[in-house]
Structure formats: structure tokens, C-alpha cells
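This report looks at how one chain is put together.

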Amino acid sequence: MWNLEGLAGVAALQGNYRRAARLFGGAEVVRAAADAAMVSNEPELLQGLIGRARDAAGEAVFTAEWAEGQRMSVEQVLDYALQEEACR
């Protein structure tokens, strides 16, 4: 599900920190449904992007958005990831 983390990272780099947090949380849902561990060739990069989004959004907002992503179904996560308006 690295692709979802990749989309979350892009959102963080674009300054869309709420979207990034929600996608990071949603990626956990998809991984759990697939019974897959997170595989990243660049864990430091991923942790840096998560930290960037957390710092910029603020802990409370980041945590709330991450939790919202975790409450989504797999289908909702994928739909959210594909929403064009959410990418802005």
C-alpha cells in the first residue's frame, strides 16, 4: 500500500497536510485488510513526510485526520485517494 503513502507524501509536499494525514491513516486500513506490512525502501523519507505533515497541521488536527482515515472502509479510502477536488 506504499502507493497510498506515496499519495499522502505528495499531499504533504503540496501543503495539503489534512489530506496527507487522512491518507496516512487510511493506508493503515488498506494494509490491515490486505494483511500486509508496510514496505518502504525509504523509511526515513516516509517518517519525514509524516513529521512534516504533523508539524504543519498541528498535533490535534493531524491526529484527528489520521483517525478519520482509520475509520474509513477500504472503499472509502480508495475513493478519497482518487478525489480530484481533495487533491487541491
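## Overall fold

Take the contacts in the protein chain between residues at least 6 apart in sequence: 73% of them join residues at least 24 apart. The model behind this value is predicted.

The protein chain has five helices and zero strands. Read from the N terminus, its elements run α-α-α-α-α. The chain holds 88 residues, and buried residues make up 39% of them.

## Helix α2 against helix α4

Helix α2 spans residues 17-34, and helix α4 spans residues 59-71. Their axes come within 6 Å. They cross at roughly 40 degrees. The pair α2 and α4 is therefore oblique, since an angle counts as roughly parallel under 35 degrees. The crossing of α2 and α4 is right-handed.

Which residues build this contact? From α2 come R18, A21, R22, F24, G25, G26, E28 and V29. They meet V61, F62, E65, W66, E68, G69 and Q70 in α4. By class, the residues of the contact of α2 with α4 are six nonpolar, four polar and five charged.

## Helix α2 against helix α3

Helix α3 covers residues 43-57. It packs on α2 at an angle of about 130 degrees. The axes of α2 and α3 are 9 Å apart. That angle makes α2 oblique to α3, because roughly antiparallel is kept for angles over 145 degrees. The crossing of α2 and α3 is left-handed.

On the α2 side, the contact uses Y17, A20 and F24. On the α3 side, it uses L46, L49, I50, R52, A53, A56 and A57. The contact of α2 with α3 has nine nonpolar residues, no polar ones and one charged.

## R19 in helix α2

R19 is found in helix α2. Is R19 buried or exposed? Its relative accessible area is 4%, so R19 is buried, as the cut-off for buried is under 20%.

What does the side chain of R19 reach? It reaches the backbone oxygen of Y80, at 3.1 Å.

L49 is found in helix α3. With 11% relative accessibility, L49 counts as buried. Setting aside neighbours within four places in sequence, L49 is in contact with G9, A12, L13 and F24. The C-alpha atoms of L49 and A20 are separated by 8.9 Å, and the two residues are 29 residues apart along the chain.

G48 lies in helix α3 too. How accessible is G48? At 39% relative accessibility, G48 counts as partly exposed. The C-alpha atoms of G48 and G9 are separated by 9.3 Å, with the two residues 39 residues apart along the chain. G9 is also one of the contacts of L49.

## In brief

Helix α2 is oblique to α4 and oblique to α3. The crossing with α4 is right-handed, and the crossing with α3 is left-handed. R19 is buried, L49 is buried, and G48 is partly exposed.

Terms used. Residues are numbered from 1 along each chain as its sequence is written. This is a predicted model: local features need pLDDT of at least 70, side-chain atom pairs count only at pLDDT 80 or more; totals for chains, interfaces and linings use all residues. Side-chain values use heavy atoms; hydrogens and water are left out. Axes are lines fitted to C-alpha atoms, for helices over the stretch in contact, and angles run from 0 to 180 degrees between N-to-C directions. Helices (H or I, at least four residues) and strands (E, at least two) are DSSP runs, numbered from the N terminus. Angles under 35 degrees count as roughly parallel, over 145 as roughly antiparallel, 65 to 115 as roughly perpendicular and the rest as oblique. A crossing is left-handed if the near helix is turned anticlockwise from the far one by less than a right angle, and right-handed if clockwise. Contact means heavy atoms within 4.5 Å. Ala, Val, Leu, Ile, Met, Phe, Trp, Tyr, Cys and Pro count as nonpolar, Asp, Glu, Lys and Arg as charged, and the others, Gly among them, as polar. Buried means under 20% relative accessible area, exposed over 50%, partly exposed in between (1.4 Å probe, protein chains only). A polar contact is a pair of N or O atoms within 3.5 Å; within protein, one must be able to donate a hydrogen and the other to accept it, and residues adjacent in sequence count only if both atoms are side-chain atoms.
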